[in-house]
Amino acid sequence: MATVDECRTALKQFAANLAENPKSVRKLTGFQRTLACDITDLNASFHGRFDGGKLVDITDGDEPDAQIRMIVSSDDLLKLVAGELDFMKAFNAQQVKLKANPMDLLKLRGVL
């Protein structure tokens with residue numbers, strides 16, 4: 001099981017990976033949504049927001065009104081960010097869950 005600090009670092013790395021990918025930034029331009037990430041095995045949450053094509057302002061704690069909620073275990077989060085776990089395979093196997101409106105899910109599918 002990963003630690004809260006490792007999950008925080010992984011989420012910040014995920015944000016950096018998105019920001020460094022011009023294709024992702026282009027697809028997310030104009031996409032303004034709040035994101036909450038629940039780490040199931042640590043009983044911890046983080047939140048941030050998509051703005052200007054990037055994921056920004058990642059901080060500790062839940063955002064109850066988040067427009068997008070990702071639910072994942074600590075180890076799976078680290079594997080996703082490291083590229084050791086394919087997002088779509090993990091999503092289909094319910095290792096990672098996304099709660100969002102269908103249009104947001106389609107938008108995110110193109111960058112995750």
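Reader: On what basis are residues numbered and values counted here?

Author: Residues are numbered from 1 along each chain as its sequence is written, and side-chain values use heavy atoms, with hydrogens and water left out. Because this is a predicted model, local features need pLDDT of at least 70 and side-chain atom pairs count only at pLDDT 80 or more, whereas totals for chains, interfaces and linings use all residues.

Reader: In what order do the elements of the chain run from the N terminus?

Author: Helices (H or I, at least four residues) and strands (E, at least two) are DSSP runs, numbered from the N terminus. The chain has five helices and five strands, and from the N terminus on, their order is α-α-β-β-β-β-α-α-β-α.

Reader: What is the radius of gyration of the chain, and what would a compact globule have?

Author: The radius is taken over C-alpha atoms, and the globule rule is 2.2 Å times the number of residues to the power 0.38. The C-alpha trace spans about 35 × 25 × 25 Å along its principal axes. For 112 residues a compact globule would have a radius of gyration near 13 Å, which agrees with the value of the chain, 13 Å.

Reader: What percentage of the residues in the chain is buried?

Author: Buried means under 20% relative accessible area, exposed over 50%, and partly exposed in between (1.4 Å probe, protein chains only). The chain exposes about 6300 Å², of which carbon and sulfur atoms supply 50%; such areas come from the Shrake-Rupley method with a 1.4 Å probe, and for residues only the protein chains shown count as cover. Of the 112 residues in the chain, the buried ones make up 39%.

Reader: Which residues lie nearest the centre of the largest pocket?

Author: On a 1 Å grid over the protein atoms alone, a pocket is an open set of points with protein on both sides within 12 Å along at least five of seven lines, a cavity is a set where a 1.4 Å probe fits but cannot get out, and lining residues have an atom within 4 Å of a point. About 320 Å³ of space lies in the largest pocket, where a volume is the space filled by probe spheres set on the points, and grid points are joined across faces, edges and corners. Helix H1 (4–20), helix H2 (22–28) and helix H3 (74–82) are the elements that give two or more residues to its lining. The lining has 14 residues, and those nearest the centre are Phe14, Leu18, Leu80, Val111 and Leu112.

Reader: Is Met70 buried or exposed?

Author: Met70 is found in strand S4. Leaving aside neighbours within four places in sequence, Met70 is in contact (heavy atoms within 4.5 Å) with residues including Leu11, Leu35, Leu77 and Leu98. Since its relative accessibility is 9%, Met70 counts as buried.

Reader: What is the relative accessible area of Val72?

Author: Val72 has its place in strand S4 (residues 68–72). Apart from residues up to four places away in sequence, Val72 touches Cys37, Asp38, Ile39, Thr40, Leu77, Leu80, Gln95 and Val96. Val72 is buried, and its relative accessible area is 1%.

Reader: What is the phi of Gln94?

Author: Gln94 is found in the loop between helix H4 (87–92) and strand S5 (96–99), and at 57% relative accessibility it counts as exposed. Although Gln94 is not a glycine, its phi is positive, at about 60 degrees.
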